[in-house]
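This report goes through one protein model, element by element. The sequence and structure are shown first, and the description follows.

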Amino acid sequence: MVGILLPLVFVGALNSYGPSAPPCDATLPSQLDIIDCRLAAAVERSLERSATLREVVRRVGALQGRVYIRTVVSVMPGGPRSLLGGLSHDVVTCGPYRLLHVTVRHGYDDKAVATIGHELQHAVEVLEHPEAGTQFEVDGLFLRIGEQVAARVMETRRALAVEAMVFRELRRAKRQPGRT
Ligand SMILES: [Zn+2]
């Protein structure tokens with residue numbers, strides 16, 4: 001289960017930055033900022049293999065969104081332990097852009113990248129609604145378009161569909177000879 005958090009608490013953040021960390025040479029579209037270098041590299045590779053992931057990233061950019069993604073040990077301490085990721089409802093408007101924050105559990109495989117696709121779809125759902133500019137308004141939006149699946153966790157069918165599609169495309173690309 002993957003969910004949207006309200007509110008999201010950032011704790012236990014770990015990333016690969018540090019004095020001895022190698023430079024991060026992953027190149028991602030400017031609308032995505034992934035603090036964990038290893039995850040950034042996994043997403044960069046996956047963008048070549050998943051049209052659905054490419055499309056959801058394109059939509060974020062077209063809708064003037066900027067999404068910051070960080071990896072943590074626990075997405076929502078005290079919440080469902082199976083939670084793989086969440087989108088903070090705390091949106092920041094900066095000029096023409098809306099800034100959104102996603103938290104995902106540490107993971108670098110196809111499942112982890114599919115979770116990124118899922119959370120980016122939630123970002124698109126916010127960005128598609130110009131009136132959703134505050135946490136209160138985003139709470140209201142997901143009460144309208146989503147359903148509650150656990151305490152403080154909302155879900156939408158579109159996000160689940162994107163996650164499944166990205167995972168399928170990544171798997172399919174892997175099976176094709178000559179593809180990585
Ligand atoms: Zn979700």
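## Helix 3

Helix 3 is largely enclosed by the rest of the structure, because 17 of its 18 residues are buried. The model described here is a predicted one. Helix 3 covers residues 110-127, and its first and last C-alpha atoms are 25 Å apart, close to the 26 Å expected at 1.5 Å a residue.

## Overall make-up

The protein chain contains 5 helices and 8 strands. Read from the N terminus, their order is β-β-α-α-β-β-β-β-α-α-β-β-α. Of its 180 residues, 40% count as buried.

Among contacts in the protein chain with a separation of 6 or more, 74% are between residues 24 or more positions apart.

## Helix 1 against helix 3

Helix 1 (residues 37-49) has an axis that comes within 10 Å of the axis of helix 3, and the two cross at roughly 80°. The two helices are therefore roughly perpendicular to each other. On the helix 1 side the contact is made by A42, V43 and S46, and on the helix 3 side by A112, V113 and I116. By class, these residues are 5 nonpolar and 1 polar, with no charged residue.

One general point bears on reading such a contact: an α-helix has 3.6 residues a turn, so residues three or four places apart point the same way.

## E44 in helix 1

E44 lies in helix 1.

Apart from neighbours within four places in sequence, E44 is in contact with A26, T27 and L28. The C-alpha atom of E44 is separated by 9.9 Å from that of V113, a residue 69 places away along the chain.

## Strand 6 and its partners

Strand 6 (residues 97-105) pairs with strand 3 (residues 65-72) in the parallel sense, over 8 bridges. In this pairing G65 is opposite R98 of strand 6.

Strand 4 (residues 85-87) runs antiparallel to strand 6 and is joined to it by 3 bridges. Here G85 stands opposite V104 of strand 6. Strand 5 (residues 92-94) also pairs with strand 6 in the antiparallel sense, over 3 bridges. T93 is placed opposite R98 of strand 6.

## Helix 2 against helix 5

Helix 2 (residues 51-62) and helix 5 (residues 157-175) have axes that come within 7 Å and cross at roughly 135°. That angle makes helix 2 oblique to helix 5. The residues that meet are A51, T52, L53 and V56 from helix 2, and V162, M165, V166 and E169 from helix 5. Sorted by class, the contact has 6 nonpolar residues, 1 polar and 1 charged.

Methods: Residues numbered from 1 in each chain as written. Predicted model: local features only at pLDDT ≥ 70, side-chain atom pairs only at ≥ 80, totals over all residues. Pairing = 2+ DSSP bridges. Helix = DSSP H or I, 4+ residues; strand = E, 2+ residues; numbered from the N terminus. Axes fitted to C-alpha atoms, helices over the stretch in contact; angles between N-to-C directions. Parallel < 35°, antiparallel > 145°, perpendicular 65-115°, else oblique. Contact = placed C-beta atoms within 7 Å. Nonpolar A, V, L, I, M, F, W, Y, C, P; charged D, E, K, R; others polar. Expected span 1.5 Å × (residues − 1). Buried ≥ 20, exposed ≤ 12 C-beta atoms within 10 Å, placed from the backbone.
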